[in-house]
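The stops below follow one another.

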Amino acid sequence: MKNAKILLVDSRENSRFLITHFLHKNGFDDIFVVDKDINTDLIDQCKKLSPALLLLDVQIPEVDILELIKKIRNLKNTPQIIALSTNPSIEHQKDCIKSGANKVLLKPFDSQDLIKKVKCCLVKT
């Protein structure tokens, strides 16, 4: 489980740093980061890396992340997906799940919540 590939997509540098730090601190070392040209890079990276888990910021400017999640779900090797969001609305969380996310983690989050959800998703792979 701890050597599972994790793909992290977040437009904010500080979020990428913190999430990567929390993951490394808990023994997850196979982490790949996509931070630019998300629309094309994300699909390509998912095909190339076949990650077990995708940590995905759903509020990246100018990107319809919910549609992107649907496209990822059509790939051959579909990763578990944790949607990272600052929107606390229940409707938004339901939309993330309907689009194909396995879990939603609200920002700001506690590092223990992140690791708990990561472990839960990776058990399913």
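**Stop 1: a pair within one helix**

Select K70 and E67, whose side chains form a salt bridge with an N to O distance of 3.3 Å; a salt bridge here is a side-chain nitrogen of Lys or Arg within 4 Å of a carboxyl oxygen of Asp or Glu. The two are about one helical turn apart, because they sit three residues apart in helix α3. Helices (H or I, at least four residues) and strands (E, at least two) are DSSP runs, numbered from the N terminus. K70 is partly exposed at a relative accessible area of 38%, and E67 is partly exposed at 37%. Buried means under 20% relative accessible area, exposed over 50%, and partly exposed in between (1.4 Å probe, protein chains only).

The model is predicted: local features need pLDDT of at least 70, side-chain atom pairs count only at pLDDT 80 or more, and totals for chains, interfaces and linings use all residues. Residues are numbered from 1 along each chain as its sequence is written, and side-chain values use heavy atoms, with hydrogens and water left out.

**Stop 2: the salt-bridge network**

The whole structure has five salt bridges. Select D10, R12, D57 and K107, which are linked in a network of them. D57 meets R12 at 3.7 Å, N to O. This pair links distant parts of the chain, with D57 in strand β3 and R12 in the loop between β1 and α1, 45 residues apart. D57 is buried, with a relative accessible area of 0%, whereas R12 is partly exposed at 37%.

K107 lies in the loop between β5 and α5 (111–123) and D57 in strand β3, so the pair ties together parts 50 residues apart in sequence. Both residues are buried.

**Stop 3: helix α4**

Which residues of helix α4 (residues 90–99) are buried? They are H92, C96 and S99. They lie on the same side of α4, because they cover an arc of only 70° around the axis; the arc is that of the directions from the helix axis to the C-beta atoms. I90 and K98 are exposed on the other side. The buried residues pack against α3 (65–73), β4 (80–85) and β5 (103–106). After α4 comes G100, with a positive phi near 130°.

Notes
Contact means heavy atoms within 4.5 Å.
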